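Please look over the sequence and the 3D view before reading on. The briefing then goes topic by topic.

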Amino acid sequence: MTTGTDEHEHDHDHVEDRGHGQEAERWHGVERALLRMRRVVLLCALVPSALVVAVLLALTAGPAWAAFALLPAAAAAWGWGALERNWRSWRYAEREDDLLISRGVLWRELTVVPYGRMQLVEVTSGPLERRYGLARVQLHTAAATTDAEIPGLVPEEAERLRDRLTELGGARSAGL
Amino acid sequence: MNGTEGAAGTEAATGREGATGKEGAGGTAAEATPVPEDSAPASASASGRPEGKRLHPVTPWRRAWAPVAGLVAFSVHDFERTREWFTHLTPGWLLAAFGVLLPVAAAYGFFSWWFTSYLVTDTELRIRTGLVFRRTAHIRLDRVQAVDVGRPLLARVAGVAKLKLDVVGTEAKDELAFLGEREAVALRAELLARAAGIAPDAAPEAGEAPSRELLRVGTRTLVTGLLLMGTGWGALLGMLLVPVVVYAASGSVLGSLVTLLPALGGVWASTGGRLLKEYDWTVAESPDGLRLDHGLLDREHATVPPGRVQSVRITEPLLWRRRGWVRVELEIAGAGKDKGGVLIPVAPRDEAAVVLARVLPGTDLAAAAESAAPVPRRARWCVPLLWRGYGYGATDAVFVTRSGLIRRRVTLVPHAKVQSVRLSQGPWERRMRLADVAVDHGANGWTAARLRDADEARALVRAQAERSRTGRRTARPERWMTSQTGDGERSDERDIERPDADRDGGAGGVGGASGASGASAEG
């Protein structure tokens with residue numbers, strides 16, 4: 001497991017012992033490429049709209065009105081930072097018997113999924129994600145309300161995680 | 001019939017011993033031999049019909065009322081045109097209609113009945129349906145969550161019943177409609193016996209497991225309980241108010257009458273409909289699980305095998321509190337979230353506690369309700385009034401949450417049924433150092449311990465994950481009649497199958513198929 005993770009560069013892997021669990025938890029972050037991808041998407045949406053607003057208002061209502069174009073620009077600037085904070089908040093840890101996924105800045109969520117409860121582990125990768133060399137792992141339990149998903153993993157890590165989870169899930173399997 | 005079946009059964013047993021429990025063609029043929037005398041001729045399989053038993057011959061008639069009802073609805077809807085049509089109807093037309101439509105409908109009914117069959121094997125119930133689009137459903141018996149025998153009013157008159165199965169992962173219940181009443185009960189007994197892991201050869205004759213009555217809700221209690229519920233009165237008030245408001249606003253009598261109709265439906269659903277459905281509610285206990293029998297016109301007989309309950313909710317409306325009455329609902333995987341079944345419509349708290357102790361072994365209702373600790377006082381800034389209602393607790397067996405002020409609700413989720421644990425915290429909650437902890441259970445639902453202290457919540461998530469892990473280890477096996485150690489065949493609908501290393505170390509090296517044959521030989 002350690003060799004698997006060492007191969008990939010993780011920006012903020014760290015070991016943490018909160019004193020509750022017996023074992024130290026090794027938290028992994030998600031790939032920085034995810035942040036790059038999301039920032040590109042953000043800019044692709046907001047920069048053209050700022051330009052369109054500026055040009056249209058300058059032509060129709062007068063140059064002073066073009067200042068409204070600052071709104072999308074400000075949103076883009078705020079989103080630039082917010083995406084980084086959000087990206088930093090995504091972490092997961094494989095414990096002996098369960099997987100922890102933590103995310104969110106304003107609305108924080110921590111999900112604990114026991115390995116024995118996993119019904120299906122899915123690795124997906126959309127065209128944009130493939131462009132950035134990313135894949136996401138989604139875990140399904142018998143409860144549809146379990147929304148355990150880890151975006152932004154390199155495909156090798158995603159596959160390693162999938163194999164490990166299904167292996168552990170088989171070993172610790174339990175019925176409903 | 002019993003004698004011949006027994007003989008066939010023993011022959012099959014000797015034949016199968018060599019095949020080591022493999023459910024191949026041999027096993028299937030052996031199961032197909034007992035043929036019900038009433039409907040299927042012995043030469044049925046020779047004439048190209050699929051193997052297995054057939055439904056009751058009354059089945060084709062069950063949809064006969066649909067075209068008639070459609071015709072009636074159309075004639076009411078467009079009366080003038082219908083009359084015009086009728087004047088054009090000549091005897092020739094009528095004859096042609098009857099000459100063509102009737103045979104076609106009859107043929108459809110006959111063939112759909114002819115091509116529907118079911119078959120019980122050692123591990124599965126197979127249902128084949130469909131005339132043009134064939135459908136074969138293989139239902140794994142150890143995954144059956146509940147078996148219901150339903151007897152709607154007309155079916156009761158005809159002496160037939162339908163059998164419904166709750167299975168995980170399917171939206172609708174798989175049902176066999178209709179079977180002869182005695183046949184339905186016998187089939188239910190057989191399915192439950194097989195699901196329980198009773199030796200396959202003994203299962204057909206195992207018969208109905210004996211049951212012991214735990215609780216019967218009297219008509220008086222039921223009616224009083226309904227009268228003291230807020231919903232019926234609320235619906236009645238709405239029914240009276242809405243048409244008046246509509247009339248005052250629009251001045252049209254017809255409009256207000258139109259709004260009356262759905263309101264009438266609402267009132268009926270929360271009063272009369274519930275009375276009809278919950279009439280003579282009986283809860284009985286048997287080795288097969290819990291038996292629920294109820295209904296005045298349409299009788300329902302549900303069986304919930306042991307260990308299938310995912311969550312239990314105890315509701316206490318305001319006006320019931322003085323009498324100490326409660327309503328108990330339970331959620332079963334496969335039944336769907338909104339179709340949560342009722343366990344007890346109304347009963348005194350101590351009687352409900354007795355039933356609950358059977359549903360969730362090792363759970364004491366009073367102790368569980370007691371364990372729910374209130375939330376910190378500062379939670380009033382998050383949820384102003386209702387914060388007083390929230391509470392959370394845990395016993396050895398269940399996760400307990402409490403909510404509601406006027407209508408108090410206590411929800412219990414067995415630790416063994418917890419699928420995942422979530423902690424969530426919004427910005428305002430973080431300011432108040434509070435957090436919510438939710439557990440998801442297998443019936444596609446969740447219950448949340450709201451507004452706990454943040455540190456407590458964090459510790460709670462870890463503790464709950466640990467509790468559900470150990471709870472799963474001690475949970476009883478899926479086939480409840482097999483012993484805990486000889487866990488036998490354990491296979492899941494997941495991509496990897498291997499023997500459970502946690503539970504049965506002894507059988508660790510034995511594969512699934514040989515494990516199954518070992519278990520059947522023991523019994």
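Residues are numbered from 1 along each chain as its sequence is written, while chains are lettered from A and ligands numbered from 1 in the order in which they are written. The model scores ipTM 0.82 and pTM 0.75.

**Confidence in chain B**

- The mean pLDDT of chain B is 75, where pLDDT is the predictor's confidence in each residue, from 0 to 100.
- In chain B, 74% of the residues reach 70 or more.
- Residues 1-48 of chain B have pLDDT below 50. This stretch has 53 contacts in the model beyond near neighbours in sequence. Two residues are in contact if their C-beta atoms, placed from the backbone, lie within 7 Å.
- Residues 484-523 of chain B also have pLDDT below 50, with 67 contacts beyond near neighbours in sequence.
- Where pLDDT is low, the predicted coordinates should not be read in detail.

- Strand β7 (residues 135-141) and strand β8 of chain A run antiparallel, joined by four bridges. Strands count as paired if DSSP finds at least two bridges between them. Strands (E, at least two residues) and helices (H or I, at least four) are DSSP runs, numbered from the N terminus.
- A:Ala135 has A:Leu153 in β8(A) as its bridge partner.
- Why is β8(A) largely enclosed by the rest of the structure? Five of the six residues of this strand (residues 148-153) are buried, so the rest of the structure largely encloses it. Buried means that 20 or more other C-beta atoms lie within 10 Å of the residue's own; 12 or fewer is exposed, and in between is partly exposed, with C-beta atoms placed from the backbone.

**Chain A: a helix pair**

- Helix α2 (residues 32-60) and helix α3 (residues 70-89) of chain A have axes that come within 9 Å and cross at roughly 170°. Axes are lines fitted to C-alpha atoms, for helices over the stretch in contact, and angles run from 0 to 180 degrees between N-to-C directions.
- That angle makes α2(A) roughly antiparallel to α3(A). The cut-offs are under 35 degrees for roughly parallel, over 145 for roughly antiparallel, 65 to 115 for roughly perpendicular, and oblique for the rest.
- The contact includes A:Leu42 and A:Leu46 from α2(A), and A:Trp80 and A:Leu83 from α3(A).
- By class, the contact of α2(A) with α3(A) has 15 nonpolar, two polar and three charged residues. Nonpolar covers Ala, Val, Leu, Ile, Met, Phe, Trp, Tyr, Cys and Pro; charged covers Asp, Glu, Lys and Arg; the others, Gly among them, are polar.

**Chain B: overview and sheet**

- Chain B has 17 helices and 21 strands. Of its 523 residues, 36% count as buried.
- Seven strands of chain B form an open sheet in the order β14-β13-β12-β18-β17-β16-β15, with antiparallel pairing.
- β14 (341-348) and β15 (373-374) of chain B each have a single partner strand, so one side of each lacks a neighbour in the sheet.
- Within chain B, β12 (residues 309-316) pairs with β18 (residues 408-414) over five bridges, in the antiparallel sense. B:Arg313 stands opposite B:Thr411 in β18(B).
- Helix α13 (residues 349-359) of chain B packs on the sheet and touches β12, β13 and β14 of chain B.
- Helix α9 (residues 219-227) of chain B lies across β13 (325-332) and β14 of chain B, at about 100° to β14(B).

**Chain B: a helix pair**

- The axes of α10 (residues 230-250) and α11 (residues 253-270) of chain B come within 8 Å and cross at roughly 175°.
- α10(B) and α11(B) are therefore roughly antiparallel.
- The contact of α10(B) with α11(B) has 13 nonpolar, nine polar and no charged residues.

- The peptide bond from B:Ala177 to B:Phe178 is cis, with omega near -5°. B:Phe178 is in strand β7 (residues 174-180) of chain B.
- B:Arg433 is not a glycine, yet has a positive phi of about 55°. B:Arg433 sits in the loop between α15 (427-431) and β20 (434-441) of chain B.
- Is B:Arg433 buried or partly exposed? B:Arg433 has 15 C-beta neighbours inside 10 Å, so it counts as partly exposed.
- B:Leu451 also has a positive phi, near 55°, and lies in strand β21 (residues 445-453) of chain B. With 25 C-beta neighbours inside 10 Å, B:Leu451 counts as buried.

How values were computed. This is a predicted model: local features need pLDDT of at least 70, side-chain atom pairs count only at pLDDT 80 or more; totals for chains, interfaces and linings use all residues.
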